[in-house]
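Biologist: I would like to learn how to read a structure feature by feature. Could you take me through one?

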Amino acid sequence: MSGTAAGQAAAEAVPSLRIETGSHVAPIRAASLDRDGRYAVTAAEDKTARLWDAGSGTLLSVFRPPSGAGNDGKLYAVAMTPDGSVYAAAGWSSGNDLYLVRRHDGQIIHRVTGLPDVVTHLSFSPDGRKLVAGLWGRQGVRIFASADAWTAARELPGDADYSDEVNATAWSLDGKMLVVSSADGFVRSYEATAKGLQRLARSTPAGTGVPFGLAFSPDGQTVAVGAADQAQVVLLEAKTLKASRTLAPPRSSPGRSLSVVAWSTDGQRIYAAGSWSNDKGQFAILTWPDAGRGEPSILPVARNTITALHAARDGRLLYATADPAWGMLAAGGQALLNVGHGLLDFRNQRSRFRLATDGGALSFQEARPGRSAEAFDLRQLAWAKPGKDWQAPRTTAAKTVVDNWFERQNPSINGKTLVLDAGEWSLSASVARDGGRVVVATNFRIRLYDRNGSELWRAAAPATPWQVNLSDDGRWVVAGFSDGSLRWYRQNDGSEQLVFFPQADGRRWVMWTPGGHFAASPGGETLVGWQVDRGPAQAADFYPVSRFRAEYYRPELLSEVVGKGSSQAALAALPAIAATPLGGKAIRERLPPTVRIVSPDVAPTSRGSEVKLQVAVRTPVDAPTTRLRARLNGQPVAVPPLASLRTSRASDNETIYEVPLALPDYDAQLLLFAENKHGVSPEATLLLKRPPAAVAEPASPSLATGSADLRPALYVLAVGVSKYQDPSIQLEFAAKDSTDLTNFLKTQEGGLYRKVAVRLLTDNGAKRDDVLDGLEWIRRELTSRDVAIVFIAGHGVNDADGTYYFLPQDVNIKALKRSGVIFSEIRNTLVSLPGKALFFIDTCHAGNVLGTGTRSLRLDTTAVINELSSADNGVIVFAAATGRQYAQESSDWGNGAFTKAILEGLRGKADYNRSGRITHKMLDLYVSERVKALTEGAQSPVTIVPSGVPDFPLVFGQR
């Protein structure tokens, strides 16, 4: 395809909404390490490959191949070059593409296309110059070579003489020999030369079953072979492929396998795993010591099949699972890392998968301590307790019976067997209250039938559907999927109308319509975004829905979808929102820029030094980039104007800017953003690390007389209004809350802070002009070394457009724009502060503020919280309540619940590890649990920390 044609195809590709949690949301199919074990890469059925720091588990970058509906874009294979500079990824695509991806930014540097079938396995030679690809079907193995760091590749002769798909490939340590396993039952060995692969042997060794995973011993003399269909490992002589020993677990489990294997680089330990589990049902890694001559130890690590094992040179072991999760074990088997997924698991929840009569509320999990609730009410956009009349899925009603529906290929309705496709299994089913309809969820589809077994419609399943139910009013089919999503399908035609994605901890959630309107909890709007493809040879872009908040954050619309019967009907009832264009095509016309750091990928830091970043910025032709912005550990960093930067033109409308950056003398994370008329780009990240010799505990700032005092100053703006001019909206403790907090913070002067400066505004002293003056004061006084706390307590409202206002003491609620403090004044102050910024908001109080004449007003601080705490704004936000909750206050506490918890935490109760310091993360943990306890779950505070902001102490605790 020509460059013009490829660009046109990319422009025609409609952006699609994708879940994004910072981890995989579908089974990990492959994983790999670099030679030194610095980086891990995982590939999954969620159509992403993810690069991780193998020491810390930090996500470094995400590769998103071009993808479409169904299987298109799923990744089944991945391998990293030994030096860690490039990885290869492949899976299902129209061109059976194999992508060579630059490690540090997830960009495609070369594409091999036109392979005869899907790639099932990849491995690089030990010198990184050859790449073997195993293929599906009967296509065998292909081998490629590169002398150009994989910016180009040439194919060498491989071997297509296979009668089934390739399962795995493995290289000897010297790179001279390759072994391949196949579902045709054979293990094949090859000599790898500059002219390609020369077959040495082919055998079906006794005991191997269907050979799968492969691993060479470090000396190259032996090959360990796992099996797809049995729980044992066979050791083969590498030259002859004859079996020399069989390794078996302490007990056998019918139907369980040890499909993946690894061999420690010292030759002492053989690892195997797969679907084999211990007697507690935990999926485990078996480790045989003494090169397989000793008795195995059992290391339980997962809740689902283990899909990959890789041994690092320092003795660590990488594993990946279908949970999806991945982790690292020490040489002795101790867990070093476990990176999970945070997804709700709807398996075994049938009795709890209960739906309200109108489909507007659903329970889907077991009640547990720490969770907000086990159900969610879409009409209120809030966690709820299940109603007693909510209905679990039925298997029989009104003389209609569904049978053989659980993990069967032949479900039936009233004795009539339903015809499913090849490989399709029924997993869940439900009968309507009147018996007229039956829904069946399979691993491929949601299918609706009438009572006679005639199919009415089918809808492709975006993931495995574990549960399904029908609303008793006959309007909705609701399904819970393996990716953690809950989806509402219109019963009359099967069209998807609404998606709800809650995190397992119950704190974050997001909900969206197919057109892109969304609602979210604080911190929830980063959980879904738009993937925008750029053609078959380019990695796709990804934009969280937060980047389109101004037009598409519409909680008032989302709460009406179920009641109105469709997203279109809900839109029709809200004409102001209906004017917003819908869907991916509209999103493509509103794109902010993208930014990536070309070089360096990691920068060493030292005081007084400077680095010149090569920064690539791409933006739509009709929306040129207006500026670059940067934050260092969350604090703003000055970036020169674009016009003053040296530039060069790259391909695909990209411009390379040379951006000078003064380096700090401490480890830090730099976030870089580009801006155009549509908004701000997703961030590009650069880790700044001190050289190993410079890493030491920094000396404490000197407190001695005559020495420079390097401690920060603390600036506090506290606003609390209890006694409003309007007698109908009085509060009891807002002013006292502000006073009590400032009194405590003053005690920190001379300790953690060299000084504490306070401006306290309460009641008559908290008129609109006073608040605006206070915001100007803190912006004027703060320096980059200092900490700012802005605390506001009182009433707050959102107008008909969703704009938030804090209500000062002299507010006229009927003239809100003139007398309220608009959110933009607060935002502009906080995001421009040069130091660390924290915002405490306690304005969701009950009262008559929304009384007569103010029906267009509502209470919802979510948009405020999310905007301030976005990575480009960098403000840590503590909110007293979430969504439409009311903040509680009581004379028994002498404060509002939020402030009472804050004060208790700061005075020492948040110091769980007795360090003598209270950090913002420690305070968050204490406040969130304490407020729930005080209010018996009626109030759930939330803290959102922007990406790139590390933990730091707020106060010295009182012991």
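Predicted model: local features only at pLDDT ≥ 70, side-chain atom pairs only at ≥ 80, totals over all residues.

Biologist: Start with the whole chain. How many helices and strands does the secondary structure come to?

Modeller: The protein chain has 14 helices and 72 strands. Its radius of gyration is 30 Å, close to the 30 Å that the globule rule gives for 959 residues, so the chain is as compact as a globular protein of that length. The C-alpha atoms fill a box of roughly 90 × 80 × 60 Å along the principal axes.

Biologist: What share of the residues is buried?

Modeller: Buried residues make up 59% of the 959. Buried here means under 20% relative accessible area. Then look at sequence separation. Take the contacts between residues at least 6 apart in sequence: 55% of them join residues at least 24 apart.

Biologist: How many bridges join β11 to β12?

Modeller: Five bridges join β11 (residues 130–135) to β12 (residues 141–145), and the two strands run antiparallel. Gly-134 stands opposite Val-141 in β12.

Biologist: Hairpins next. Is strand β45 mostly covered or mostly open?

Modeller: Count the buried residues along the strand. β45 (residues 496–502) is mostly covered, with six of its seven residues buried. Then check its partners. Four bridges join β44 (residues 486–490) to β45, and these strands run antiparallel. Arg-487 has Val-499 in β45 as its bridge partner. β45 also pairs with β46 (residues 509–512), antiparallel over four bridges. There, Phe-500 stands opposite Met-511 in β46.

Biologist: Which residues take a positive phi in the two hairpins?

Modeller: Look between the strands. The hairpin of β44 and β45 has five residues there, and Gly-494 takes a positive phi near 80°. The hairpin of β45 and β46 has six residues between its strands, and Gly-506 takes a positive phi near 75°.

Biologist: How do I read a helix pair? At what angle do the axes of α9 and α11 cross?

Modeller: Take distance and angle together. The axes of α9 (residues 768–781) and α11 (residues 823–832) come within 9 Å and cross at roughly 10°. Angles under 35 degrees count as roughly parallel. The two helices, α9 and α11, are therefore roughly parallel to each other.

Biologist: Which residues meet in that contact?

Modeller: On the α9 side they are Leu-772, Leu-775, Ile-778 and Arg-779; on the α11 side they are Glu-825, Ile-826, Asn-828, Thr-829 and Ser-832. The residues of this contact divide into four nonpolar, three polar and two charged.

Biologist: Last, the backbone. Why do some angles deserve a second look?

Modeller: Most residues other than glycine have a negative phi, and most peptide bonds are trans. Now the exceptions. Lys-47 has a phi near 70°. Lys-47 sits in the loop between β3 (39–44) and β4 (49–53), and is buried at a relative accessible area of 9%. Leu-381 has a phi near 55°. Its loop lies between β32 (375–377) and β33 (382–384). Leu-381 counts as buried too, at 9% relative accessibility.

Biologist: Where are cis peptide bonds found?

Modeller: Pro-324 lies in the loop between β27 (317–321) and β28 (325–329). Another joins Ser-599 and Pro-600, with omega about -10°. Pro-600 is in the loop between β50 (594–599) and β51 (602–604).

Key:
Residues numbered from 1 in each chain as written. Heavy atoms only, no water. Axes fitted to C-alpha atoms, helices over the stretch in contact; angles between N-to-C directions. Parallel < 35°, antiparallel > 145°, perpendicular 65-115°, else oblique. Contact = heavy atoms within 4.5 Å. Nonpolar A, V, L, I, M, F, W, Y, C, P; charged D, E, K, R; others polar. Pairing = 2+ DSSP bridges. Rg over C-alpha atoms; globule rule 2.2 N^0.38 Å. Buried < 20%, exposed > 50% of the residue type's maximum accessible area, 1.4 Å probe, protein only.
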